[in-house]
Amino acid sequence: MIYPWQNRQWQQLQQQRRQRRLAHGLLFTGPAGTGKKHFAHVLAQGLLCEQPDASDFGCRLCDACKLIAAGTHPDVHVLKPTPPPTSTSSNPVLTIKIDALRAMYRALSETSQFGGYRVAVIEDADRMPTQAANSLLKTLEEPGDDTLLILVSSHPHRLPVTIRSRCQQIRFNLPDTAQALAWLGQHGIDDAQSALKRAHGAPLLAKDHAASHAQARDLMVQALNAGSRGQASIPYANKLAQLPKDLLLVWLLDWVSDLVRLLTVGNDAELVNEDQRKVLQARAQKADIGRVFSLHDQICALIKAEGIALNLQLLWENLLISWDNV
Ligand SMILES: [Zn+2]
């Protein structure tokens with residue numbers, strides 16, 4: 001099933017399919033954590049199912065549905081970014097390899113094994129190097145019959161305009177807060193409001209934050225509050241370097257943004273890290289706004305440089321020093 005906030009997109013695509021107007025290239029865009037990849041898989045299942053239900057969802061019981069669920073349907077090809085083959089880094093740069101794309105083109109050019117649609121899903125499509133992206137153009141221009149190529153990207157501006165212009169863009173916005181909170185509640189998430197706030201409204205990220213990311217956040221909280229406990233924060237750099245960098249950078253940016261809010265709006269400011277209000281207020285009293293802004297810029301630049309390999313130990317040492325000195 002799709003997520004409750006994806007009904008509009010589902011109706012739109014199913015209507016196009018019934019009218020035989022479904023585009024050969026779809027580009028799913030919108031913020032991370034809204035379920036775009038999941039939607040692509042549910043769409044593929046609905047298209048290939050032998051007995052879809054009245055709303056065009058797959059039955060989950062037929063051979064096609066079972067093969068898709070197992071990831072082994074011969075007419076469904078899923079590409080995800082992978083690390084370089086020889087990488088030993090804990091934080092490798094992930095890309096979509098051109099060889100993997102070529103294998104996918106070959107598979108798509110063959111006759112459908114089940115006599116229906118052939119579907120290719122490229123997850124995080126913006127992780128395609130330009131050469132690989134350009135190789136997609138031919139498939140987008142001359143797709144076979146009943147071929148559907150779905151590109152999924154939270155950063156579509158990074159895709160060449162030639163690719164974007166050849167796809168029908170389907171946007172997945174953040175659901176409204178009430179809907180997101182209701183969904184988180186159904187999934188047993190405690191304090192869904194805080195989790196959703198920290199995930200900037202993206203329900204799937206909020207669910208991750210509340211579940212698997214809880215430990216990572218605890219560590220981050222300890223590191224950032226070490227100074228206020230009279231301890232050094234540097235020893236935390238090693239542990240932070242083992243955790244997903246992109247996620248932690250966004251969290252750190254939230255902390256620094258909370259400081260900016262306290263310094264500019266005052267103690268009534270609404271904070272992302274509401275549970276840390278006391279320590280943030282104490283920190284804001286001693287902070288220099290110039291240094292806070294400069295740390296803010298430093299983190300933004302690092303977030304933008306996503307995809308560039310960095311020495312994470314050094315990165316976190318530098319950031320913790322800057323944080324301690326704002
Ligand atoms: Zn089925």
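This report describes the overall layout, helix packing and selected residues of a predicted model.

## Basis of the model

In this predicted model, local features need pLDDT of at least 70 and side-chain atom pairs count only at pLDDT 80 or more, whereas totals for chains, interfaces and linings use all residues. Residues are numbered from 1 along each chain as its sequence is written.

## Overall architecture

The protein has 15 helices and five strands; these are DSSP runs numbered from the N terminus, with helices being H or I of at least four residues and strands being E of at least two. Along the principal axes, the C-alpha atoms fill a box of roughly 70 × 45 × 30 Å. Domain 1 covers 4-171 and domain 2 covers 213-324, the bounds coming from an automatic or database domain assignment. The centres of the two domains, taken over C-alpha atoms, are separated by 36 Å.

Of the 326 residues, 33% count as buried. A residue is buried if 20 or more other C-beta atoms lie within 10 Å of its own, exposed if 12 or fewer, and partly exposed in between, with C-beta atoms placed from the backbone. Among contacts with a separation of 6 or more, 67% involve residues 24 or more positions apart; two residues are in contact if their C-beta atoms, placed from the backbone, lie within 7 Å.

## Packing around helix α12

Helix α12 (residues 245-264) packs with helix α14 (residues 289-304) at an angle of about 155°, their axes being 10 Å apart. Axes are lines fitted to C-alpha atoms, for helices over the stretch in contact, and angles run from 0 to 180 degrees between N-to-C directions. The angle therefore makes α12 roughly antiparallel to α14 (angles under 35 degrees count as roughly parallel, over 145 as roughly antiparallel, 65 to 115 as roughly perpendicular and the rest as oblique). From α12, the contact includes L249, V250, L252, L253, V256, S257, L259, V260 and L263, and from α14 it includes I289, V292, L295, H296, I299, C300, L302 and I303. By class, these are 15 nonpolar, two polar and no charged residues (Ala, Val, Leu, Ile, Met, Phe, Trp, Tyr, Cys and Pro count as nonpolar, Asp, Glu, Lys and Arg as charged, and the others, Gly among them, as polar). The crossing of α12 and α14 is left-handed, a term used if the near helix is turned anticlockwise from the far one by less than a right angle, with right-handed used if clockwise.

Helix α12 also packs with helix α13 (residues 277-286), here at an angle of about 65° and with the axes 9 Å apart. The crossing of α12 and α13 is right-handed. D258, L259, L262 and L263 of α12 meet L280, Q281, R283 and A284 of α13. This contact has five nonpolar, one polar and two charged residues.

## Helices α4 and α5

The axes of helix α4 (residues 98-109) and helix α5 come within 9 Å and cross at roughly 10°. This angle makes α4 roughly parallel to α5. The contact is formed by I98, L101, Y105 and L108 of α4 together with Q131, A132, S135, L136 and T139 of α5. Its residues divide into six nonpolar, three polar and no charged.

T130 is placed in helix α5 (residues 130-141). T130 counts as exposed because it has 10 C-beta neighbours inside 10 Å. Between T130 and Q285, the C-alpha to C-alpha distance is 48 Å, at a sequence separation of 155 residues.

The buried residues are P203, L205, A206, K207, H209 and A210. They pack against α7 (177-186), α8 and α10 (214-225).

D190 is found in the loop between α7 and α8. D190 is exposed, with 9 other C-beta atoms within 10 Å. D190 and A70 lie 32 Å apart, C-alpha to C-alpha, and 120 residues apart in sequence.

## Positive phi angles

Most residues other than glycine have a negative phi. R60, although not a glycine, has a positive phi of about 70°. R60 is located in the loop between α2 (36-48) and α3 (63-70), and its 13 C-beta neighbours inside 10 Å make it partly exposed.

H200 is likewise not a glycine and has a positive phi of about 55°. H200 lies in the loop between α8 (192-198) and α9 (203-210). With 15 C-beta neighbours inside 10 Å, H200 counts as partly exposed.
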